[in-house]
Each structure stands twice: as structure tokens, then as C-alpha cells.
Amino acid sequence: MSKSEQSTMRLQDFFTPRFIITVLFVLLALFWSLSLINVLAAGVIFTVTSFLLLKSKSSTIPGHPDEFVEDQKQFARPGRQRGGIKSVRAKTLHAVPLPILIVSEDHRISFANHAAEELLGEDVVGNDVSFYLRQAQLVEAIRKIFIDSKKFAGVIRFTNSQKRSFDVTISRVSGTGSNDVPTQAMAFFYEVTSMLQTEQMRVDFVANASHELRTPLSSIIGFIETLQGPAKDDLPAQERFLGIMQTETERMVRLIDDLLSLSKIEMSRHEPPESEVNLATMITSIAATAAVVGKERDITFDTNIAADAKRVIADPDQLTQVLINLSVNAAKYADPGTTVFICASKSKGHDKINISIRDEGPGILKEHLARLTERFYRIDDARSRKMGGTGLGLAIVKHILLRHDSLLNVESQVGKGTTFSFMLKASKNFNSE
Ligand code: ADP
């Protein structure tokens, strides 16, 4: 700070409104006691002057040295914020939810806001910045900001050991000297972790969907070539190949239908369903449909809907899809000759209905449970494909349930079977007919 600025500050500190009002009061009292002024005039002068002084003080633009220069000791924890950044409002920077570092010319961190301490550690201040930002590009950018004339050193991606990623902007904080020498560098961290994850998911999804479509397409192309060439006059082979081509085409249609379903469900994600659905009728009809799928392997369906669990609040089409996907999966994966149980009962709290689909199949190993609802995740790829699965059935169930403010619960015991269950809001009008 220059000498002239310092002396201005001292004068401003001295002539505070309280000081001026006190002096005025003493002077008016003196004039009155010497009969130089009457009491009414003294009162009016005192009131008007005090009012104007206080008003001008309260309307001071934030930034007046009195308001602006926050004593760092007040905001920083003792002994940590060495070097000080009195010209920077520490309190404001601490309130910013994104990490901010101020680095001095000797490359030591002179200030870290709370978010930066949370990210890099509580003892960052006073230490060399390269200990904490172990990324050559970033450290180099900070070094350059002190020697280049540029105000910004661009944006650099920083990823820490916990796989959190940030776009870091390095900028110069000019010194207060008259020649405007850069004295500090500011690193501002903007978190991009979730954006990168979403981006990665999109890339993976496109790659997986393309792969899923490519496999049946390649097989169809292969059969077309065979039919045009070696099997040109072979009628039995032609029939067999056309059958396979039909199966592959149907698989592609199912896959595209499932993909369209998923995007439709995601579009309605934030519109909670409001319809009242008769669960009893729906479960009975779906059990009959799934029984047709399980018939070949002698799988039977048993339903048990409690009298007070017959009506729920749901989107009827989406609830049908959830029940079909889970029941058909049970029919596909359960052991031959077993029974699948579909039950609905009222929850203990009385406002939810618990719906479960239990099979007596091979069960699912614990390590697969958390990933079951991922798109295209299959435990046994070959078996799923043989059964005509798209690998999207449980992902669709999960997204529909999210729209219904519900989660899919999976309990499984290897060798005994699996139970998929979820809760839905009970209809206020449910009855026991
Ligand atoms: P798919 O089209 O392959 O059936 P899903 O998303 O419906 O796709 O299921 C994902 C995987 O979860 C299946 O490939 C299968 O391995 C496993 N799975 C689903 N339901 C059951 C079940 N009832 N019993 C055992 N495994 C199951």
C-alpha cells in the first residue's frame, strides 16, 4: 500500500461518524451554555446532522475500506493464512463452494478457501503448490502467469487421486503497486466430474448399442451372401437360413423397441404418475402371459394379492412393462418344473404396497447384484442371447420405478432362487372387494 493511501486510511479511521457526532454534541452544548444558541436550534442542528451522517454511512458502497478490507485473522484459522491476502475478501472467497487457491510468486499457496482445503488438505497454506497439484501442465501454467503479460493462462484439466476432475482457470491477481506487477496467481477449480461421467456413459451406451445391432446385422449379411452363392439351389439350407435371419431380425426389432422405451421413460422421468391401477387384475393377466413363456420348461405361476393391496398409483403401461419384464425373466431363468410366485401386500406404514416376484431358479452371485440394472449387463451373455434377451429389461424396470419414486430390490441365494421386489404408493381408494 502506498504512503498516501495509508495516510488517507488513517484519517478515515479517525473521522468516524460517531466521532463527528460526539464533537458536534460537545460544541452545541458549549454554545448553549455560553448562550450563543438556544436549546431548540441546538437540538435541530444536532438531529439533522446526525441523521445525514448516519445515512451516508449506511449507504456506503461496499468496497469502502472500512467495509471492504476484511481482517484475515477474523476469517482464516489462526496461523494458517500466512502471507495474507488482505486485499482479497477472504470471507467471500471462503463462501464460494468451488475451490480457489492464491499462489505467491515463490510458488507457495498463500490462501486456500474452505472448498480448496477440503479438496487438497487442511495444511496447504504456506506450502509449495506443486506438492498439491501434481500435474506438470498446471504447475507450469502457474509459473508462466508470473512471467507472461497474459491475464489468463487458460483452462487446464486436473484430476485428483479420488478421480474428481476439475477445469482449473489460472489467472493473474495484479499487485497493488503503481507499476501493476503481478504478485499472485489465482487458481479457480470448476468441478466437471459428473459431466465427464455422463459423457462417458453416453459414449459407452452408443458403443454398446451399436455392437448389439451389429452382431445380428453381420449374421444376416452373411446369410444373404450364402443364399446368393453356395446355397443358391439348396432349398433345405435356404429354409434354415431364412429362419435364422428372421430370429436375428426379430432380435433387432426388440432391441430397438427397448431402446425407444428407455428414452421415452427417461423423458417422463420427472412427471410422477397419478393413475389408479387395479393391481389384482393386472397381475393375474401378466401371470397368464408369462406362463405361456414358461410352459415349455414346465414353469407355473402362483399369484397372491392381499385384499387390501389391490389398488396402486402408477402409470398403467409402465407398470405392465415392469411386471412383464420381471415375470418373463423369472420364466426364462428359473429351473424347469418350478413355480414363480407373484405377491402383493400392504406395507407396515399402510401407505405403500409391496410387490414381489420370486423364482426358484439358480440364483445370482452377490458380485452381479449391484450391476444387474446397468444397460446391456448380462450374467451369462450366451444364455441371455439364446433366450432372446436384449440386456435392457432390468434397466427399463429401474428407470420406470425411479419415475414411480421407487427402487428395485433384489435378494438372491445361489441354488435357491431370486426375489425382485419394489414398493408402490397405495391408492387411497383401495378396498377389499
Ligand atoms: P436380458 O434381456 O438379458 O434378460 P435383463 O436386463 O432383463 O436382460 O437381465 C439382465 C441379466 O440379469 C440377465 O442377462 C440374467 O443374467 C440376469 N437375470 C435377470 N433375471 C434373473 C432371474 N430371475 N434369475 C437369474 N438371473 C436373472
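This is a predicted model: local features need pLDDT of at least 70, side-chain atom pairs count only at pLDDT 80 or more; totals for chains, interfaces and linings use all residues.
## A tour by selection

Begin by selecting Thr 193, which counts as buried because its relative accessibility is 13%, and buried means under 20%.

**Stop 1: around Thr 193**

Keep Thr 193 selected and colour residues 193-228, which form helix α10; Thr 193 belongs to this helix. Now show the side chain of Glu 191. The side chains of Thr 193 and Glu 191 make a polar contact at 2.6 Å.

**Stop 2: the ligand**

Select the ligand next. The space that the ligand takes up is the largest pocket. There are 18 residues around the ligand, and those that come nearest are Tyr 333, Asp 359, Ser 384, Gly 391 and Leu 394.

Look at the oxygen atoms of the ligand, going through the protein partners in turn:

- Tyr 333: an N or O atom of the side chain is 2.8 Å from a ligand oxygen.
- Ser 384: a polar atom of the side chain lies 2.5 Å from a ligand oxygen.
- Gly 393: here a backbone N or O atom is involved, at 3.3 Å from a ligand oxygen.

How much of the ligand's accessible area does the protein cover? On its own the ligand has 530 Å² of accessible area, and the protein covers 96% of this.

Now colour two helices, α13 (316-333) and α16 (393-403). Each of them supplies at least two residues of the shell around the ligand. The most comes from α13, which gives 3 residues to that shell.

**Stop 3: two loop residues with positive phi**

Select Asp 298, in the loop between α12 (279-295) and β7 (300-305). Asp 298 is not a glycine, yet its phi is positive, at about 60 degrees.

Then move to Phe 376, in the loop between α14 (366-369) and α15 (381-386). Phe 376 is also a residue other than glycine with a positive phi, near 65 degrees.

Is Asp 298 buried or exposed? Asp 298 counts as exposed because its relative accessibility is 52%, and exposed means over 50%. Phe 376 has a relative accessibility of 9%, so Phe 376 counts as buried.

Note on methods: Residues are numbered from 1 along each chain as its sequence is written. Side-chain values use heavy atoms; hydrogens and water are left out. Helices (H or I, at least four residues) and strands (E, at least two) are DSSP runs, numbered from the N terminus. Buried means under 20% relative accessible area, exposed over 50%, partly exposed in between (1.4 Å probe, protein chains only). A polar contact is a pair of N or O atoms within 3.5 Å; within protein, one must be able to donate a hydrogen and the other to accept it, and residues adjacent in sequence count only if both atoms are side-chain atoms. A residue is near a molecule or strand if one of its heavy atoms lies within 4 Å of it. Accessible areas come from the Shrake-Rupley method with a 1.4 Å probe; for residues, only the protein chains shown count as cover. On a 1 Å grid over the protein atoms alone, a cavity is a set of points where a 1.4 Å probe fits but cannot get out, and a pocket is an open set with protein on both sides within 12 Å along at least five of seven lines; lining residues have an atom within 4 Å of a point. A molecule sits in a cavity or pocket if more than half of its atoms lie within 2 Å of its grid points.
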